[in-house]
Amino acid sequence: MKIGIVCPYSIDRHGGVLEHILNVRDNLVQRGHSVKIITPKPRGRGNHEPPEGVIFIGTSTDFRTLTFSETTSQVSSTADAERIDAILNEEKFDILHFHEPWNPLLSRQLLQRSTAVNIGTFHSKVSETISTRALLRIVYPYLKSVMQYLHVLTAVSNAGAEYVTTITDEPITLIPNGIDLDKYHFKPHVESAADPTVLYIGRLEGRKGVKYLLQAAQVLQQDHPNMRLIIAGDGPDRERLELLAEDLHLHNVSFLGFVSEELKQQLLTEADIFCSPAVSGESFGIVLLEAMATGTVTVAGNNPGYADLMQGIGALSIINPRDTEEFARRLNTLLTETDLRKLWQDWAKTYVQEFSYDRVVDQYEALYKEALKQHGRSSHK
């Protein structure tokens, strides 16, 4: 098959959607398919040629996404209709796979001109804030018009599909985000260390709930006075959170800022507990899969995306971050109860296999073939 994967975000700003696209692309190529990534040119690239297998169309600009009011991404801001026509005529894609297809501007322009089978994948949980709901009312006609060009709809989770179901009656196939399990070493710590380490990795912004983790840590350190709390990541709330840690008289708390992929994996492997107390805006939880892949027992916020992902024994991980006493008790229980830690780790070791990219791409490949059959297309392969 000839497949074009449309990414509305700049390839110079790594994030969960881009990581997913790159891994799916690599796996499809290994299976013998011809795959190109179509994306806006990142700002500051000048006249530099795109990486191999990447097609630049238009340029990108900073834009606050429709999903989280505090999150800014670089998305397409211009698109040349003549260039789009030329590329589509040259490539003759069987499949055009649009990720977050309602982000402006590239997806709409491509969809209007595409003669391929168009597939849309929705990743994000739409924020429930008043400002976001007001914005969605304004852009509803645009979103509705985008949907009419899509032959097949997918989402990474029920949370990711939630808003889509309000504007279409078409079926939505759930295909989860994936994880490259070869990058991670499963090393369970069944017995917690005498001086345990609790780890957070992610952006420092309100919806991530880090302030609730700091409040729970204040309670937890009464039972574990030498515990370490590591906060890895950066964002607009960093200074406020550092001041809050001082006000709470937390001992052994470290704010590392942005960390490399290598350091992230090391921190996950060494931690006794990984904690992601996000209160909203999560449609899935790749970072939870990363913790599972290293055998690191996890505590997670009760937002719909995390609750949907953490099935079976994984439900032990879900807490209400705003309930400080409950939060601290769950952290303490999962730190100290050896049998419970082993039960969780045995579950995680098996469950995370469901999200390997081999299995995820199996589902996409089957979807592509069925979509081509349904819409009377034949492959170039």
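Trainee: Is the crossing of H8 and H9 left-handed or right-handed?
Mentor: This is a predicted model, in which local features need pLDDT of at least 70 and side-chain atom pairs count only at pLDDT 80 or more, while totals for chains, interfaces and linings use all residues. Residues are numbered from 1 along each chain as its sequence is written, and side-chain values use heavy atoms, with hydrogens and water left out. A crossing is left-handed if the near helix is turned anticlockwise from the far one by less than a right angle, and right-handed if clockwise. For H8 and H9 the crossing is right-handed.

Trainee: How is H8 oriented relative to H9?
Mentor: Helices (H or I, at least four residues) and strands (E, at least two) are DSSP runs numbered from the N terminus, and axes are lines fitted to C-alpha atoms, for helices over the stretch in contact, with angles from 0 to 180 degrees between N-to-C directions. The axes of H8 (residues 261–270) and H9 (residues 286–294) come within 9 Å and cross at roughly 60°. Angles under 35 degrees count as roughly parallel, over 145 as roughly antiparallel, 65 to 115 as roughly perpendicular and the rest as oblique, so H8 is to H9 oblique.

Trainee: How many charged residues does the contact of H8 with H9 have?
Mentor: Glu261, Lys264, Leu268 and Thr269 of H8 meet Glu290, Ala291 and Thr294 of H9, where contact means heavy atoms within 4.5 Å. Ala, Val, Leu, Ile, Met, Phe, Trp, Tyr, Cys and Pro count as nonpolar, Asp, Glu, Lys and Arg as charged, and the others, Gly among them, as polar. Besides two nonpolar and two polar residues, the number that are charged is three.

Trainee: How many nonpolar residues are in the contact of H6 with H11?
Mentor: The axes of H6 (residues 210–220) and H11 (residues 324–336) come within 8 Å and cross at roughly 65°, and this crossing is right-handed. Alongside three polar residues and one charged residue, the nonpolar residues number nine.
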